[in-house]
Amino acid sequence: MISIRDLHKYFGALHVLKGIDLDVQKGEVLSVIGASGSGKSTLLYCINGLEMIQDGAVTVDGIDVHAKGTDINKLRQKLGMVFQQWNSFPHLTALENVALAPRIVKGKSKAEAREIAAKQLQHVGLGEKLNVYPSALSGGQQQRLAIARALAMEPEYMLFDEATSALDPELVGEVLDTMRLLADEGMTMICVTHEMGFARDVSDRVAFFHQGVMEEIGPPAQIFGDARSEHTRKFLANVR
Amino acid sequence: MEPTLKFFSGFAPNDLWFMGDAALRTLWISVLSISLGTVLGTLFGWMLYEGRRAATLTLAPVLDVFRSVPLIIQLVLFYNFAPIVGLNLDPFASGTVILTVYTAALVANVARGGIEAVGAPMRRAARSLGMSYWQDLRHVVLPIGGRAVFPSWVGVALGVMKDSALVSVLGYVELLKASQILITRTQEPFLILALAGAFYFALSYPVSRYATHLENRWAQ
């Protein structure tokens, strides 16, 4: 379980997260929506310790992410993350991209790591592209490569930070399909997204962020059909 | 009648061996200085990148001095003043030390540029996979940044190899010094300087061809 308590995050004088309380259960798919600058991406960065926090706590399976004694590199193996920019390693083939972390972080043998990598690339539909360099892949394929790369560490949670925002419109579908596949397989996911269709159809719960505050959280039917907050209704009216 | 005393004798095939030998010495001092200087310079570049203000105030000015003062002045000063602090180095060792530091000063900025070229998002992605700071540096930053600045590094390396000619002022018999010796004896400067140039070219050209080959391979 990911558990966030009274989380405060500042960038200098800017108060980006203003006391977030949130629990995400195993197996749950949570979509986080809201305008740019509302703090949704920062929330993900705080969950896997890529950003420090100023107050409150984030725990993952009972381990305090920001405590001094925490082995953050070990904890991050539980938390796969996919970014808006896919960041494939350009000097490695698709297979090597995915095999790198299992080999150097988990100490798997080269053969073992390649086997895991091939399996995960197959999983996201890139089984034909094992020995291709990222420069020869489309944006959508590179983003699926990034998903496979994260999955190869056998994470228990996946964090998606606007995974489709940088893609050409015609490539968004294949990435969303891959995310749907993971959700169907029971992966615990937190998806920061602007894809309202995905949020409505795939999520168990949807959280709406507004100016650093989690305004509202609930089942998709409630958020999209019967939002309590004025801000939520306004936001949804604008994105539709 | 007494034979005339002969000071000068023409260029002999044997002299080619003499020059070839000197070319090997140019190669040796260059390879040594460029290798050591690259390791040291990469370390400095990393310090400049990570140290931020501290390094900007301390390391950067020192490197600026080595980059800005003509190499020949550095060589002569170091060779003549090192013994004062108890360092009795022969011309080869003195030349190697100065060429190494000089290379390091040039490579430091190249290396910093390489680290900057990788960018924060790429490094965050690496760290998000559970890589430690050092694993990220070794497996992501080094190969990606290294390739980005490889052409600049080749430029530095070829430059240092040519600049190694200046070590001749200390008396180390590398290619240029050997040429001077032969010119004094044969009085055939055009031939010998042309030959020396050909030797330098023969040393540089394979390096730049191989570099181009690597760049093309990486560009795929």
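The exercises below, each with a worked solution, concern a predicted model with chains A and B.

Residues are numbered from 1 along each chain as its sequence is written, while chains are lettered from A and ligands numbered from 1 in the order in which they are written. Because the model is predicted, local features need pLDDT of at least 70 and side-chain atom pairs count only at pLDDT 80 or more, whereas totals for chains, interfaces and linings use all residues.

**Exercise 1. The open sheet of chain A**

Task: determine the order of the strands in the open sheet of chain A, and state which strands lie at its edges.

Solution. Begin with the terms: helices (H or I, at least four residues) and strands (E, at least two) are DSSP runs numbered from the N terminus, and two strands pair if DSSP finds at least two bridges between them. On this basis 4 strands of chain A form an open sheet in the order β2-β1-β4-β5, with antiparallel pairing. The edge strands are β2 (14–24) and β5 (63–64) of chain A, each of which pairs on one side only. Next, take one pair in detail: β1 (residues 2–11) of chain A is joined to β2(A) by 8 bridges, and these strands run antiparallel. Within β2(A), the residue that stands opposite Y10(A) is H15(A).

**Exercise 2. From β7 to β10 in chain A**

Task: trace the pairings that involve β3, β7, β8, β9 and β10 of chain A, giving the sense of each.

Solution. Strands of a sheet pair through backbone hydrogen bonds, either parallel or antiparallel. Start at β7 (residues 157–161) of chain A, which pairs with β8(A) in the parallel sense over 5 bridges; here L159(A) stands opposite I190(A).

Continue to β3(A), which runs parallel to β8(A) and is joined to it by 4 bridges, with V32(A) and V192(A) as bridge partners. Strand β3 (residues 29–34) of chain A is also joined by 5 bridges to β9 (residues 205–210) of chain A, again a parallel pair, and in this pair I33(A) stands opposite F208(A).

Finish with β9(A) and β10 (residues 213–218) of chain A, which run antiparallel and share 5 bridges; A207(A) has I217(A) as its bridge partner. These two strands form a hairpin with 2 residues between them, and Q211(A) in the turn has a positive phi of about 50 degrees.

**Exercise 3. Burial along β8**

Task: decide how many residues of β8 (residues 188–192) of chain A are buried, and to which sides they point.

Solution. A residue is buried if 20 or more other C-beta atoms lie within 10 Å of its own, exposed if 12 or fewer, and partly exposed in between, with C-beta atoms placed from the backbone. By this count 5 of the 5 residues of β8(A) are buried. In a regular strand the side chains alternate between the two faces of the sheet. In β8(A), T188(A), I190(A) and V192(A) point one way, M189(A) and C191(A) point the other way, and all are buried.

**Exercise 4. Chain B and one of its residues**

Leaving aside neighbours within four places in sequence, I98(B) is in contact (C-beta atoms, placed from the backbone, within 7 Å) with Q74(B), L75(B) and F78(B).

**Exercise 5. Where the chains touch**

Task: characterise the side of chain A that touches chain B.

Solution. First, 21 residues of chain A are in contact with 17 residues of chain B. Helices α2 (72–76), α3 (94–104) and α5 (139–151) of chain A each supply at least two residues of that side of chain A. Its residues divide into 12 nonpolar, 6 polar and 3 charged, where Ala, Val, Leu, Ile, Met, Phe, Trp, Tyr, Cys and Pro count as nonpolar, Asp, Glu, Lys and Arg as charged, and the others, Gly among them, as polar.

Note on methods. Contact = placed C-beta atoms within 7 Å.
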